[in-house]
2 protein chains.
Amino acid sequence: MEKVIRDYYIGLETGGTNIKCFIASDPYNVVSELNIPTRDPGETTDKVIQFIQSGINKHRISVKSMGIASFGPVDLNIASPTYGSIKSTPKLAWRNFPLLAKFKAAFPFPIAFDTDVNAATLAEARWGAGIGLSDFIYVTIGTGIGGGIISNQQLVHGLIHPEIGHMFVKHDLLLDPFDGVCPYHKDCLEGLAAGPAIEARWGNPPVNLPEDHPAWAMEAHYLAQMAVNLTMVLSPQCIILGGGVSQHAGLIELIQLSFKEKLSEYVQSPLYNKKIDNYIVAPKLGQNAGIFGAIALAQTIQ
Amino acid sequence: MEKVIRDYYIGLETGGTNIKCFIASDPYNVVSELNIPTRDPGETTDKVIQFIQSGINKHRISVKSMGIASFGPVDLNIASPTYGSIKSTPKLAWRNFPLLAKFKAAFPFPIAFDTDVNAATLAEARWGAGIGLSDFIYVTIGTGIGGGIISNQQLVHGLIHPEIGHMFVKHDLLLDPFDGVCPYHKDCLEGLAAGPAIEARWGNPPVNLPEDHPAWAMEAHYLAQMAVNLTMVLSPQCIILGGGVSQHAGLIELIQLSFKEKLSEYVQSPLYNKKIDNYIVAPKLGQNAGIFGAIALAQTIQ
């Protein structure tokens, strides 16, 4: 019997808390995996390199390419001398750490590099809620609000990268006298609706607020405005809402209702008028989106 | 001497007031042009067809393709039975008029069809302020606010098409107690900042408001929020502001200042910090963007 020769990929997700690494032919065929806490960058990346090297030797596989999905902010400008480095993160030890350069020096295969949210967006495109769509947006709402965009079947990077969380939305000070907590913009979307804003406004973190608390109608009011703005700018086929805050029971339904009311039938499609639960949806990959995305990034290299 | 064989294109711009048609090898080499008022759709399109037919005969040229840049709303869904028709326009005679189908029945060459603002965006990409850019946005601010997006060197259509004017922005009722005039959303961007909103708020159309009138600082406040939102969502390399309202002396400079203040150095680039007049700019093609865009549309057909 002839042996099937497969292409193998390395996926690396560097998160603020944990670092995951997969050696896999695809995310559903993982031959080896590592999950370690994010400590000192030199030491942590050394462990990852050892894991990859011993995995390659043990399984006698040939690696086609690698994808790194990193927490940010990161330098994505290919022309920059610090391309692939971490930038001004609050994790001081990681600031300016040349993440991509370290792996490039260790391995001969090509390596793709992007933000964790862009990688998660790619993963939802390949294996999740974005399958078959040419235009969709993945937004994660947690301690911050970030998003990735697929337009004409391609990730949007632009000049730097999207920062969806920092858009402005209507903020009626009579209904919501809260000033907002964004250190740059005060009452931008993230300053009004990310986890820390919910906690500052109501004196309790989101997980402690019961389902019938008025916090959730207000949260839906802001996230529905975000969904309207994304709809008006990009006309996506779907908006995927991930992250910890989005998982609150009933929140996505509240956002769907508020979105319909705010859109006010200005743009018409069966998706807005009838099948809103196919338009504003939960992600399909959950906690796996990042590491699946790292594999998807690797597979973008031809 | 050998005769040079050129490809010729037909560009047709259907505006609410006038209809323009070019027979040209490119917008700077026009062999014949027509400019007639927009009247009854059957009669007006008959005149255009006669003009094209006699131009082809007179100049003995072969036409490669045609582009139609139409006022909207239009049906851009290629799978729809009414693709290429005008939809619910206030110009009642044109409602449901099968614009594309009429020209397809009259001519053998292929015809591309898009909105006037998407065509103008393509024209700025090819011959205007967007030359060489992979990601930029063209916004026109006049009786309405509309925009076209180039992302990864392609026009964004998505599910329907962008409707940038109907995004929500911060509206502080203490500073601006005006309710907004959008019949769908009241105080969306268009309801607060398009020409009719300026006239309703100040009791005078924009052209009658002197340069030092407080209307212009308020206008800049809203358009700068739009520029921030577009920057946060799409990370463009440039935002081009066209249309009648944008031409008011000094307005673009006010928007540049307000944008810098609102962005608050959250995203950093020489474009935002130093060369803001290369980031928020006037269009280069002015009144010609629509008809040049119709030629650019024709040239998208390979």
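Which residue stands opposite A:Q154 in β8(A)? It's A:S151, and that pair is a handy way into this predicted model.

**Strands around β7 in chain A**

- Strand β7(A) spans residues 145-151, and six of its seven residues are buried, so the rest of the structure largely encloses it.
- On one pairing, β7(A) runs antiparallel to β6(A) (residues 136-141), with six bridges joining the two.
- A:F136 has A:I150 of β7(A) as its bridge partner.
- Three residues lie between β6(A) and β7(A), and the two strands form a hairpin.
- β7(A) also pairs with β8(A) (residues 154-155), again in the antiparallel sense, this time over two bridges.
- That's where the opening pair belongs: A:S151 stands opposite A:Q154.
- β7(A) and β8(A) make a hairpin as well, with two residues between the strands, and A:N152 in this hairpin takes a positive phi near 50°.

**The sheet in chain B**

- In chain B, five strands make an open sheet with mixed pairing, in the order β8-β7-β6-β9-β10.
- The edges belong to β8 (154-155) and β10 (280-281) of chain B; each has a single partner strand, so one side of each has no neighbour in the sheet.
- Further in, β6(B) (residues 136-141) and β7(B) (residues 145-151) run antiparallel and are joined by six bridges.
- In that pairing, B:T140 stands opposite B:G146 of β7(B).

**The nonpolar core**

- Nonpolar side chains tend to be buried together in soluble globular proteins.
- Here the largest nonpolar core counts 98 residues.
- Which residues have the most contacts inside it? They are A:M226, A:F259, B:M226 and B:F259.
- Leaving aside residues up to four places away in sequence, A:F259 touches A:A224, A:A227, A:V228, A:T231, A:Y272, A:I276, A:Y279 and A:I280.

**Helix α5 in chain B**

- Four residues of α5(B) (residues 195-202) are buried: B:G195, B:A197, B:I198 and B:R201.
- They span an arc of only 165° around the axis, which puts them on the same side of α5(B).
- What do these buried residues pack against? Their partners are α4 (189-193) and α6 (214-234) of chain B.
- Just past the helix, B:G203 takes a positive phi of about 75°.

**Backbone spots to check**

- The A:G72 to A:P73 peptide bond is cis, with omega near 0°, and A:P73 lies in the loop between β4 (63-70) and α2 (99-106) of chain A.
- Chain B has a cis peptide bond between B:G72 and B:P73, with omega about 0°; B:P73 is in the loop between β4 (63-70) and α2 (99-106) of chain B.
- A:K186 isn't a glycine, yet its phi is positive, at about 55°. You'll find A:K186 in the loop between β8 and α4 (189-193) of chain A.
- Is A:K186 buried or exposed? With 53% relative accessibility, A:K186 counts as exposed.
- B:S235 is another non-glycine with a positive phi, here about 50°, and its place is the loop between α6 and β9 (238-242) of chain B.
- B:S235 counts as buried, at 1% relative accessibility.

Notes. Residues are numbered from 1 along each chain as its sequence is written. Chains are lettered from A and ligands numbered from 1 in the order in which they are written. This is a predicted model: local features need pLDDT of at least 70, side-chain atom pairs count only at pLDDT 80 or more; totals for chains, interfaces and linings use all residues. Side-chain values use heavy atoms; hydrogens and water are left out. Buried means under 20% relative accessible area, exposed over 50%, partly exposed in between (1.4 Å probe, protein chains only). The arc is that of the directions from the helix axis to the C-beta atoms. Contact means heavy atoms within 4.5 Å. Two strands pair if DSSP finds at least two bridges between them. A nonpolar core is a set of buried Ala, Val, Leu, Ile, Met, Phe, Trp, Tyr and Cys residues joined through side-chain atoms within 4.5 Å.
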